[in-house]
Amino acid sequence: MGPLRWLLLLLQLQLLQAPEAGPAAPIRAFVVPHSHMDVGWVYTVEESMRAYAANVYTSVVKELTLGKQRRFIAVEQEFFRLWWDGIASEQQKHQVRQLLDEGRLEFVLGGQVMHDEAVTHIDDQILQLTEGHGFLYETFGVRPRFSWHVDPFGASATTPTLFALAGFNAHLISRIDYNLKNAMQEAQGLQFLWQGSPSLAAQQIFTHVMDQYSYCTPSHIPFSNRSGFYWNGVAVFPNPPPKGVYPNMSEPVTPANIRLYAEALVTNVKLRAAWFQTPHVLWPWGCDKQFFNASVQFANMDPLLAHINSRAAELGVSVQYATLGDYFRALHALNVTWSVRDHRDFLPYSSVWLPCAQPISDREPLQAWTGFYTSRSALKGLARHAGALLYAGESLFTRYMWPAPLGTLDPAWALQQLQQLRWAVSEVQHHDAITGTESPKVRDMYEEHLAAGMLGVRKVMAAIILDRLRPAEQARQAAPAVDSGPAGRSAVVYNPLAWTVTTIFTLTVGFPRVSVTDESGLPVPAQIQNSTAIPSMYDLHILTTIPGLSFRHYSIKPTSGVQKGSREPAATVTRTLHFGRKLRRHASHRGKHLLHIVNDCYTVLLNQDTNLMQSIQDRQSNRTVRVTQEFLEYHVNDDLTQGQLLSDNYMFTPKEAAVPAWKAVGMEVVVGKLQTEIRQYFYRNMAAQDYTYAIFTRLAHVPRGGDGELLCHRIEQETSTDLDSQRVIYSDNNGYQMQRRPYQAYAENSIARNYYPMVQSAFIQDSRSRLVLLSERAHGISSQRTGQVEVMLHRRLWNNFYWDLNYNLTLNDTSVVRPVIWLLLGSWPVTTALRQRSALALQHRPIVLFGELAATARKSPGPQQQEAVTLPPNLHLQILSIPGWNYSSEHTEHMQNLKKGHRGKAQADLRRVLLRLHHLYETGEDPVLSRPVTVNLKEVYMQEVYMQEVYMHEVYMQEVYMQEVYMQEVYMQEVYVQEVYVQEVYMHEVYMHEVYMHEALLHGLGSVVAVKERSLTGTWDVSKLHRWSWRTKTGHHGGSHTSPLRPSGNPIVTIHPKEIRTFFIHFQQQ
């Protein structure tokens, strides 16, 4: 997204002022040509390709070839791949390879997109980076070594860790809080070693924060009323102008003005040099949608740089075209000592409203970029659901292919479907996509791409299951015919996690009475009730326990009802209790008419005088948590004439504190044997016909202990507490690590500037207890008062600012959202042990294939199963896939093949399996779960496995289903919990040394021939990956190799806290 509105641009006074201090040595300016090409935002990918993006690569390649001194960096891969595959000629492709070999064209970052850092999940970040890097390495043998993350709205501490694991030597960011940026500029602290993870000291990466001019060339020149240095002007949509004359083209460089141009550039270089430790200055040349006519750009800059260099001694500045690598190599060669930043992130991002003549330090940065944490919640949910489906489809396809595919599935077709969803999920991670900051037509593009990819992957999964069903079906057809009664349906439920999962899944059926049996013909606990989504249908809830990376098969058959003496299994039928609407009362009201909802873990008391929840009692400890429910909305300024602070897709600028959003509430309770569901409907007023908000709260009736422990303790609702949290909240960076967020008082906009992103989890705590929230999509979250958690679940707004109106970015979002949130309440040890696994259980809920299997036989035995995959509780199978890359894993061999013109095989390589393991816990976070895990991938052997049994008291999990939400901007629910007592957790640790595991990770896939450890995105052999070392003030050299050198083929692997380890696995073919 362009910074022209938001960033503090170069003003005339700043341009002409002399720097107060600067480096003593002559200044060396590195002019880095680039084009910021948003994959979406205002225009669709197709529109951007037609208007300017294709011309960027066509004209840049031509101009670099004509001038040996010229340079250019290419960043995102989506536009380049479209150009390469569909437009570039063979001559242009040859020129690209030559320019890359000579270092004049450089790929930096290299991901499919420049992903957002605030609301994206780590798995999806890795996916899009892997997609881009795989293409670059397969096509050119290129492995990017530097990042260019200039436009994401704030910087996460996850990113330096991932980029270090990918092999980057240096990391570049720009958008951080402007108060902080100003302080760092004055202290010459914009460059440092950043240790993203507190558990991974070796993952430090050199980080450069761009100064206040960010990634765009300063546009003001004092001698002209036109912008400077943008000689090709501004891109025109939908098509380039026929005569090549674009709006806002800069005044050409001529003998009459070249001296003025040189003075303007040199003055700006000197100003920026004063903000850095060294005399090397990075001077970005470009901005959004630039270099679509590289000829006119270079034709003007060439003589300007030559003129400055001819007067270098006089001006004290030399200039040169450079790639980002040129700049960082020169900087690294100086061997300067740098400070080290810890794992704190740079969120939230705040910017200064324009116009503004005062220096940054004299103004409060009013604009808090915290609205996008929630904007377009429906797209955020779809993107995460698509990523979860892709994760499941990848592992199911991999297990189908190994040790040998047994069926009719075409692997090439299946891989094509997976690739389509990989592309779509990667694309939507862009910093103007999942953020919700795009125009409606671009949102539609993202959703269409995701929907098409998801449909394809579901077809692949259904085909695999049908292949597994086919042998059993053939056997059934060969048996004597038996009257099977009314036609039924089949459902297969796949667990994509590498742990056993017990849960309840739901199907929508068209018959009110039904029997459910498993693959062995045994009855399965189930419950049927009227559907909340489709009045004429029914919701069938089925209890299931599924081993890791395995599936269960269920037969669903309509029945005529359970007759006396019949042994036919039938799903239990619910009964519904209805309660009339009640007016809103004061939160302290305690009714005398209470309804008890009980399972083996809890007693929930509902106040029939208010239709609200009153308390939760843990039955084992006999302790009570008092609860009050509340809905609130924020109202914002939508009129520019009433003030400059407006809310839009990006910004959240409330007028005042949130206000209650309902006047009456109705309630009904659906009582069943498997689960009880509490439905609360909130109305704007007593007479309203339609409710505005709805909360569905579920309690499962399953025994405590064993696989049902978490399900029993889960109350599906949302809450805040009276914990003495001191207004400190912890929220996650991308589902990877937690950040401490103390409340900070500001002179302006304190509410918005104390909002933070919650991608997957957040919590508040005091000395005794912790309240954890888990989410399946990103939300804004805050703690405005002690003990309170505020979750922004939806936004709808409008304003009359011309910029928003022109680009259709007013966020008039009328979509209905149904976010899901689980909560855990308990002691620190309990919630520490449960948080990570529970978050993954929510993220990767079992995939249900029901409609896709409608034609399968109703009496078929279950699909052929492979051995289950079960990992230790602190180890997560982050990916198991067949990427299909056709390059050699040996770099020398791959480069030789490329030089010979062997650009890869005609078909994708289906033999290589990509495996990634992730240790879930921080060092010292848990006495058991924070220990390293040692596994032997090749010999089906595990060492030093630590098992633990956790007995939990006073712990519950919750989930929120939101329906038909219409609002001014947002609603939050606040539940106040009092008298919290938490019984100590009994931790029983069993230590097993050198235990042979028969169901080890790779056993079910076949005999392992080779294990090769790779960099995060798979392009490096880790034993040959050597990142730069940088001298630090602590005396150490940060940024070296990830961990002690180890042979990449060693099958014995020890995963340390927070490590992410990536492997290529090769199996013996059968």
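**A glycine in a strand**

I began with glycine 780, which lies in strand S34 (residues 779-782); strands here are DSSP runs of E of at least two residues and helices are runs of H or I of at least four, numbered from the N terminus. I kept in mind that this is a predicted model, in which local features need pLDDT of at least 70 and side-chain atom pairs count only at pLDDT 80 or more, while totals for chains, interfaces and linings use all residues. Residues are numbered from 1 along each chain as its sequence is written, and side-chain values use heavy atoms, with hydrogens and water left out.

I found glycine 780 buried, with a relative accessible area of 0% (buried means under 20%, exposed over 50%, partly exposed in between, with a 1.4 Å probe and protein chains only). Not counting residues up to four places away in sequence, glycine 780 touches Tyr373, Thr374, Tyr755, Tyr756, Glu790, Val791 and Met792, where contact means heavy atoms within 4.5 Å.

**Helices**

I then looked up helix H4 (residues 90-102), where Gln92, Lys93, Gln95, Val96, Arg97, Leu99 and Leu100 are buried. These buried residues pack against helix H2 (45-66), H3, strand S3 (105-107) and H5. After H4 comes glycine 103, whose phi is positive, near 75°.

Last, I checked H3 (residues 77-86) against H5 (residues 122-140), which pack at an angle of about 40° with their axes 10 Å apart, the axes being lines fitted to C-alpha atoms over the stretch in contact and the angles running from 0 to 180 degrees between N-to-C directions. The contact is made by Gln77, Phe80, Arg81 and Trp84 of H3 and by Glu131, Gly132, Phe135, Leu136, Thr139 and Phe140 of H5.
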